[in-house]
Amino acid sequence: SKDGTVQLLLKVPTLLHPSLDQLKELVKDAAEKEIKICLSEKGLTDAAGSIMVNVEAIANKPIPFASGGGEDPAEIESRLGPGLVSVAHCLAVYSCKGGVGKSTVAVNLAYELARLGGRVGLLDLDVYGPSLPVLVKPDDPSVRGSPLGKGMVYPIEHKGVKLLSLGYVSSKSGVPGSGQDGGAAVLRGPMAGKVVTQLLKGTDWGDLDVLILDMPPGTGDVQLTLLQDLDLSGAVGVTTPSKLAIADARKGIAMFSELGVPTIAMVENMSYFECEGGTKHYPFGKGFKAFMEDVEIGNMNRENVCQLPISSAANDANDVGIPLSLSRPEAARSELEALSRLARIVSKELLTLPFRPEYSRGSVSFEDNSETFELSSIQLSLDGDAFLIRAFSENGAVQKRFPPKDLRRRDPKTGSILEELREEEDKPPVKSKLGMVEIHRAGAMKDTGKDVPESVAKKSKVGYEVAWSDGAKYIYSKRAIVLAAGGKVDKQQIHE
C-alpha cells in the first residue's frame, strides 16, 4: 500500500479455527523476515526497517465434509439437496433424557462458535416440543420463501447465527405443532421424519462452517432418520451428574458411534454450584466427569468434558430469550468460560476431522487382486440382477459382481454368515435385533425366490441400505458387503 504496508490475504477453509490469531501472527513474522532479507540484499537496508505487514484471513466457500472434497457437485446436491451443498459440517447436540439443558447448550454453543468467527446455523429438530422460539427471540421472526427451490425457505438470521425451528414456521402451514402458539405436535414416527427432512433440506442455509442440529431427546425415529440420511461430522452429548442420566448418555454415545458418528464432546450440565466463599459443591456427585476418568466410552477424548454449573443466570437468560453467550453478564463468568471452552473443543475437533482415520477403517483385499484397498472407499450399486462392489486405492481400483443371496445370508452389521436353514420347515422364522438393524435368522433365510434387491442407497458413513423384493430393508455395513463379495478385511485396523 502507499504507506509501505504489505497486505497479505490468507485463505483458509474456515475462520472457525482455534488458533487463527496465532497462525496469522506466524505468517506475519515469516513474511516480515523474508521481506527484510530481500530488501537488504538489494541494498535497501533503511527501507527494510519501515516495512509493515498486515495479515487478514478470509474463508473459502464451504465444502461438505462428507464429500471428501472429491465428489461431483451434482451428486452432492442430489444427495443432500440444494440447501445443504455449502454446509461444511453438521453437528448433532443430543441427550437421551429430557430436561437436562440440551437446547440451552445448543443455542449457546452456536453463538460461541459465531464469536470465534464461524458461519453458524442452528436448527431446532425437536418437532414434538420446539424450544428455540423461547430461547431466542429474533427482532424479525418471519420465515420467508427462497427462490432456490419449490417450498424452500430462508432461515432467520439473528446476531450472526442462522436459525430455524418448527416454532418459527407459521401455524397456517398445516404442520402439527407449527407456530409459537401452536398446539401439541401429535406425530407418528414416519410423519416426524418427514417434518425433520423438510426443515433440514427445505431450508436455504447458504454458506455455513457448521450447522448445529438440536435433536429431540431419546434415540427414536428422528435420530435414526438423520443418522441414516445425513453424513454428520460429529455430535455433542448433554447429560447431568445423576447415575440415571449417565446410563442414558452411554446409550447415546454407543448409538451414534455404531452409526459412524463420533461424540466429540460431552457437557455435564447442572454439575455443581459455587457458594459465596468460592467453594464448589457437587450435590449430585462428580457424575460423568469422574465416570470418564475410570471408563473408556467409545473413542471419545476424556478431556473433552465440559462442566456447567447450576445457574440462575442461565435460567434468567432463557426466560427473556437472550442467550448467555449474547448478553454475557458478569455474574455468569463460570458459565461463559465453560461454554467458550466447549466451542474451542468443537472447533478443534471439526478442523482436524479430515486428518483422522474414518470410522470404517480397514484394509480390504480380494483373492484375484494383489492390491489392498481402504474399507472406507467401498461403493455398492446394482448391476442388473447382481450387486457391483467397487474399491479404491491410491494406485487404482477394482470392481466385482456378486449374487444378491450372498449378501442376504449375512448379518448386516458384522458380515458373519447367519444360521443355517432349519430342517423343520414347519417352524416359524425367528427374528432378532442386532445393533440398530433388524435381521431375520434361520427359516427367514430360506431361498423363497424373493431375495431380489430393488434398490441400493448410501446411508451415512455406515454403509448401504438395500431394499429387497419381499419388503425387507436392511443397512449393511461396508465390512458385510466386502465379505459377501468374497473379500477379506484386516481386523487389526478396523476402528471399532
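Modeller: Let's begin with the open sheet: three strands form it, in the order E20-E21-E22, with antiparallel pairing. Strands here are DSSP runs of at least two residues (E), helices are runs of at least four (H or I), and both are numbered from the N terminus.

Biologist: What makes E20 and E22 the edges of that sheet?

Modeller: Strand E20 (453-459) and strand E22 (473-477) each have a single partner strand, so one side of each is left without a neighbour in the sheet. From one strand to the next, the twist averages 25°; the angles are taken between N-to-C directions of lines fitted to C-alpha atoms, on a scale from 0 to 180 degrees.

Biologist: How do you know that E21 and E22 are paired?

Modeller: Two strands pair if DSSP finds at least two bridges between them. Five bridges join strand E21 (residues 463-468) to E22, so the pair meets that cut-off. Val466 stands opposite Tyr474 in E22.

Biologist: Where do these numbers come from?

Modeller: This is a predicted model, in which local features need pLDDT of at least 70 and side-chain atom pairs count only at pLDDT 80 or more, while totals for chains, interfaces and linings use all residues. Residues are numbered from 1 along each chain as its sequence is written, and side-chain values use heavy atoms, with hydrogens and water left out.

Biologist: How many helices and strands does the protein have?

Modeller: It comes to 14 helices and 23 strands. Of its 496 residues, 46% count as buried.

Biologist: Why is Asp207 called partly exposed?

Modeller: Buried means under 20% relative accessible area and exposed means over 50%, with partly exposed in between (1.4 Å probe, protein chains only). Asp207 has 28% relative accessibility, so it counts as partly exposed. You'll find Asp207 in the loop between H6 and E7.

Biologist: What does Asp207 touch?

Modeller: Leaving out residues up to four places away in sequence, Asp207 touches Lys61, Pro62, Ser86, Arg119 and Lys162. A contact means heavy atoms within 4.5 Å. Asp207 and Ser86 are 121 residues apart along the chain, yet their C-alpha atoms are separated by 5.0 Å. In the protein, residues 24 or more positions apart account for 66% of the contacts with a separation of 6 or more.

Biologist: What makes a group of residues a nonpolar core?

Modeller: It's a set of buried Ala, Val, Leu, Ile, Met, Phe, Trp, Tyr and Cys residues joined through side-chain atoms within 4.5 Å. The largest one here has 41 residues, and Leu211, Leu213 and Phe256 touch the most other members. Among the elements that give two or more residues to this core are strand E3 (87-94), helix H6 (189-201) and helix H8 (243-258). H6 gives the most, with five residues. There is also a second, separate core of 37 residues, which includes Leu91, Ala106, Ala110 and Leu122.

Biologist: How do you know that the buried residues of H10 line one face?

Modeller: In helix H10 (residues 312-320), the buried ones are Ala313, Ala314, Ala317 and Asn318. Seen down the axis, they fall within an arc of 140°, so they line one face of the helix. What covers the buried residues of H10 includes helix H4 (102-115) and helix H12 (333-352).

Biologist: And H1, how does its reach compare with the expected span?

Modeller: The expected span is 1.5 Å times one less than the number of residues. Helix H1 (residues 20-41) has 22 residues and reaches 32 Å from its first C-alpha to its last, close to the expected 32 Å. Leu20, Ala31, Glu32 and Leu39 are buried in H1. They cover an arc of only 105° around the axis, which puts them on the same side of H1. On the other side, Leu26, Lys33, Glu34 and Glu41 are exposed.

How values were computed: The arc is that of the directions from the helix axis to the C-beta atoms.
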